[in-house]
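Hello,

Here is the structure I said I would pass on. My notes on its salt bridges and one of its helices follow below.

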Amino acid sequence: MKITAAVFATAVSAASIRAPQQSKGLPLSQFGGVHSISIQDAVNKIDLAGNNFSALPISGSLEDLFPVHLPFEEDKKVTASKVDTANKATSAGDCPNPNVRYEWDNYSASDKQAFVDAIQCLIKKPPSGKFAPAKNRYEDIVRLHQTYSPNIHSKSTTQQTHKFLLWHRYYVWAFEQIMRDECGFNRAFPWWDEKKWAGKFSQATIFNNQYFGNLPGATNGAATCITSGRFSGMQLSLGPGMTTNNPHCLQRAVNEQATAQTGQSSWDACMSRTSYPDFHSCVEFTFHAQGHNGVGGIMADAIASPGDPSFFMHHLFVDYAFRKWQINDPARRTSISGCADNVNCSPLTLDTMVYMGNICGAKCPDLKVRDILNTQQGHFCYRYNY
C-alpha cells in the first residue's frame with residue numbers, strides 16, 4: 001500500500017462546490033475520506049515504515065520517567081449514571097473526585113435525552129461572532145476544528161503530528177464545558193465503546209430515532225440526509241473541507257466494511273505499542289480513521305467532520321483509548337515525545353503549547369502539553385467508568 005497518502009483528502013476545491021439543495025446529500029466524492037490502514041497493516045506496523053518517531057527525545061524529568069507511584073487501577077464497570085464523587089485518587093497527585101464519563105449503554109434514558117437536547121440547544125444559539133462565518137454556536141465549535149485542522153492531523157504516515165490525540169482531548173473537554181455553561185447540561189458526560197459495534201455501526205444504540213438518528217447507506221452515489229432522531233433535518237454551512245457558506249444537510253453513508261476495522265483486533269494492535277508516537281500513529285490511522293469513514297458523509301471529511309454530532313461520541317472513544325493506554329504505565333501520564341508539527345517535526349515536549357481559541361472563554365486558555373496529558377491532573381479531572 002502507499003504509506004504516504006494524504007490523511008485527509010477533500011476531493012474538490014472550495015471554489016468548485018455548488019450549494020446543493022438542502023434536502024439532498026452531497027456526492028460522496030466531495031467528502032473524500034480519512035486516510036486509514038487496515039488491522040493487518042497495523043499489526044505489521046506499515047505506518048511506521050520510513051520514520052523513526054519513537055527514537056525522538058522523550059520530554060519528562062527523571063522523576064516523571066521513573067516515578068514512585070501508587071498502584072493504579074481503573075474502577076470496575078459501574079452502572080450509575082451520575083457524576084461520581086466517591087472515588088479516591090488512584091495515583092500520586094490525582095484529583096480526588098474526578099467526574100466519571102459513562103459508556104452510552106450504562107447511561108440512563110433521561111441522561112441520553114438531556115445530552116442530545118443540550119447539543120440541540122447549541123445549534124439553536126446564535127454564533128459568538130468570534131468564529132466567522134459560523135451560523136450558530138454549534139458551528140463555532142465546528143469552525144474551530146475546521147480552521148485548526150491542517151495543524152492537528154497528520155499529513156501522512158511519514159509526516160505526522162503527535163498533537164492529534166492531545167488537541168482532540170482538549171477539544172472534546174471544551175465542548176463539554178460549553179454544553180454545561182451555555183445550555184445547562186448538568187449530567188455526567190457519556191462516551192461510546194465503539195469496538196462493541198464493529199461491523200454493525202448501523203445497529204448501535206446511539207444511532208436510533210430518539211438520539212443521533214439513523215445510519216443509512218449512500219443514495220445513488222451521494223450521502224443520505226438524516227431525517228430521524230434529535231438532529232433530523234439539521235442544516236450546516238461549513239464544509240466539506242475548508243468550504244464555508246455552503247448550505248447542506250447533516251448526512252451519512254455507512255460503510256460497514258470500514259466499521260469492521262474498529263474492533264478488538266485494531267484495539268489490541270494499538271495497545272501493544274509501547275512508545276507514544278507509535279501508539280498515536282496506530283490510533284490515528286486505524287480505528288480513528290475507520291470510524292470516521294464508517295459513518296461516512298460529513299464524518300468522512302476530517303476537516304469539517306464535527307458538523308455531525310456523532311463526531312463527539314467517536315472522539316470520546318478515541319480519548320478513552322488514549323486514557324486506557326496511559327494507565328498501563330505511569331510514565332505515559334508524565335512524559336511525551338514525537339513531532340509537534342507535520343512539516344518539520346519540531347520536538348513535542350511537555351512545554352509545547354496547545355491552542356483552543358478560547359472557545360469556552362476563560363476555561364479554555366492556551367495550555368502546555370503537561371497540563372492536558374493526564375485526565376486527572378493539570379487542567380482536567382475526569383476518568384472513564386471502565
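Arginine 230 is partly exposed at 28% relative accessible area, where partly exposed lies between buried (under 20%) and exposed (over 50%), with a 1.4 Å probe and protein chains only. Its salt-bridge partner is aspartate 117, with the closest N and O atoms 2.6 Å apart; a salt bridge is a side-chain nitrogen of Lys or Arg within 4 Å of a carboxyl oxygen of Asp or Glu. Aspartate 117 sits in helix H3 and arginine 230 in the loop between strands E5 (224-225) and E6 (235-236), 113 residues apart. Helices (H or I, at least four residues) and strands (E, at least two) are DSSP runs, numbered from the N terminus.

This is a predicted model: local features need pLDDT of at least 70, side-chain atom pairs count only at pLDDT 80 or more, and totals for chains, interfaces and linings use all residues. Residues are numbered from 1 along each chain as its sequence is written, and side-chain values use heavy atoms, without hydrogens or water.

The structure holds 16 salt bridges. In one of them, arginine 187 and aspartate 111 have their closest N and O atoms 2.5 Å apart. Arginine 187 lies in the loop between H5 (164-183) and E4 (190-191) and aspartate 111 in H3 (residues 109-124), so the pair ties together parts 76 residues apart in sequence. Aspartate 111 is buried at 4%, while arginine 187 is partly exposed at 25%. Salt bridges also link Arg101, Arg169, Glu176, Arg180 and Asp319 in a network.

As for H4 (residues 137-152), 12 of its 16 residues are buried, so the helix is largely enclosed by the rest of the structure.

Regards

Technical notes. Expected span 1.5 Å × (residues − 1).
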